[in-house]
Amino acid sequence: MKTWQRKDLLGMKDLSAEEILFLLDSAKAFKQIGERKIKKVPTLRGKTVINLFVEPSTRTRTSFELSAIRLSADVININASASSLVKGETLKDTALNLQALNADIIVIRHSAGGAPHFLAKFLKASVINAGDGAHEHPTQALLDAFTIREKKGRIEGLNVTILGDILYSRVARSDLWMLTKLGANVTLAGPATLVPREFEKFGCRVTHDIDEAIRDADVINLLRIQHERQRKSAFPSIGEYTALYGLNKERFARIKPDAMIMHPGPINRGVEIDSDIADSDRSVILQQVTNGLAVRMAVLYLCSGGQKVES
Ligand code: CP
């Protein structure tokens, strides 16, 4: 693949393995920029990036903002609770108004699955999905893949276990669709109420036995319980969830010695992950956050018409 052809990044499901690898290779060059003394390049000078976050975020919003700043774009952050959305303006009208202000790229996070896809249909501006409901979180998946490649040197053939609340997780879906395309052996694990067997049709293994799920894993990606999306409790208590499915020290002692621990954040210490494990040298949680900058710089650059960058 010689050039990136898409104006929008909406999800991993629609991308080919070739496109995913192209994004990941492009991000390598941007990672080097982040390691320089002066971390800013003029690549997107004159372009306007608007972060429209209609759901809370720490990592993704800050990461997109910083990525746009490092590319010299003008960047505006819209806080939905202080916008005219609360006065009844529709998402479509809000987006059209942002485009009328000459936004070149709109980065959107929304609680409704499909919101970015809806905007992309009528906007000339590029639309980047920063997380839509329980549907997709493509840049999180890309930074996960980038981190796995950086640490393990490859993705193909690795055993990747995603453990936790799969049903309500956009990260799980984007990771699953991406990692299976890249040749990983993906296992989804957690309580039966949060990890339905239906996911097997996407080419992964489903198990409700955590010890079996983590035993041979090269990568363990933990997910928090998405309380904000669950309409009813999927298990009796947090304590029971932690006892049965949390990565505690006992279980950690039984995983492969070189297995790496990932988490998209925010982490709930002492629930899905023991606090010491989160801070251990086997955890790459904060390296994932750093790599998010490189990945998002690449996405902003390529979706605004940039061509391949040489690393
Ligand atoms: N991983 C992630 O999406 O974190 P935020 O919700 O803080 O953006």
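1. Buried means under 20% relative accessible area. Ala 278 has 9%, so Ala 278 counts as buried. Keep that cut-off in mind for the points below. Bear in mind too that this is a predicted model.

2. Start with the whole chain. The protein chain has eleven helices and nine strands. Its C-alpha atoms fill a box of roughly 55 × 45 × 35 Å, taken along the principal axes. What radius of gyration does the protein chain have? The value is 19 Å. A compact globule of 311 residues would have a radius near 19 Å, so the chain agrees with that expectation.

3. Buried residues make up 55% of the 311 residues. The accessible surface of the chain comes to about 13,400 Å². Carbon and sulfur atoms hold 51% of that surface.

4. Look at how the chain meets itself.

5. Now the charges. The chain carries 43 positive and 36 negative charges.

6. Then the cysteines. A disulfide is a covalent bond between the sulfur atoms of two cysteines. How many disulfides does a search of the whole structure find? It finds zero. Cys 204 has 9% relative accessibility, so Cys 204 counts as buried. Cys 303 is buried as well, because its relative accessible area is 4%.

7. Return to Ala 278, the residue of the opening point. Ala 278 is found in helix H10. Setting aside neighbours within four places in sequence, Ala 278 is in contact with Ile 267, Arg 269, Ile 273, Ser 283 and Ile 285. Ile 261 is 17 residues away from Ala 278 in sequence. In space, the two are 7.8 Å apart, C-alpha to C-alpha.

8. Pro 266 lies between strand S9 (260-262) and helix H10 (275-278). The peptide bond from Gly 265 to Pro 266 is cis. Its omega is near -5°.

9. Arg 224 sits in the loop between strand S8 (219-222) and helix H8 (238-245). Is Arg 224 buried or exposed? Its relative accessible area is 16%, so Arg 224 is buried. Beyond neighbours within four places in sequence, Arg 224 is in contact with Asp 165, His 263, Pro 266, Asn 268 and Glu 272. Asp 165 and Glu 272 count as negative, whereas Arg 224 counts as positive.

10. Gly 190 deserves a look. Gly 190 lies in the loop between strand S6 (185-189) and strand S7 (205-207). Its relative accessible area is 0%, so Gly 190 is buried. Which residues does Gly 190 contact, leaving aside neighbours within four places in sequence? They are Leu 163, Gly 164, Val 195, Thr 207, His 208 and Tyr 245. Lys 47 is 143 residues from Gly 190 along the chain. Their C-alpha atoms are separated by 43 Å.

11. Go to the start of the chain. Glu 19 is found in helix H1 (residues 17-34). With 12% relative accessibility, Glu 19 counts as buried. Not counting residues up to four places away in sequence, Glu 19 touches Met 1, Trp 4, Arg 6 and Asp 14. Met 1 and Glu 19 are 18 residues apart along the chain. Their C-alpha atoms are separated by 7.5 Å.

12. Last, inspect two backbone angles. Ser 72 is not a glycine, yet its phi is positive, at about 70°. Asn 102 is not a glycine either, and its phi is also positive, at about 70°. Ser 72 is in the loop between helix H2 (59-70) and strand S2 (74-79). Asn 102 is in the loop between helix H3 (91-100) and strand S3 (105-110). Which of them is buried, and which is exposed? Ser 72 is buried, because its relative accessible area is 16%. Asn 102 counts as exposed, because its relative accessibility is 57%.

Notes
Residues numbered from 1 in each chain as written. Predicted model: local features only at pLDDT ≥ 70, side-chain atom pairs only at ≥ 80, totals over all residues. Heavy atoms only, no water. Helix = DSSP H or I, 4+ residues; strand = E, 2+ residues; numbered from the N terminus. Rg over C-alpha atoms; globule rule 2.2 N^0.38 Å. Buried < 20%, exposed > 50% of the residue type's maximum accessible area, 1.4 Å probe, protein only. Areas by Shrake-Rupley, 256 points an atom, 1.4 Å probe, with all protein chains shown as cover. Charge placed at Lys NZ, Arg CZ, Asp CG, Glu CD. Disulfide = S-S within 2.5 Å. Contact = heavy atoms within 4.5 Å.
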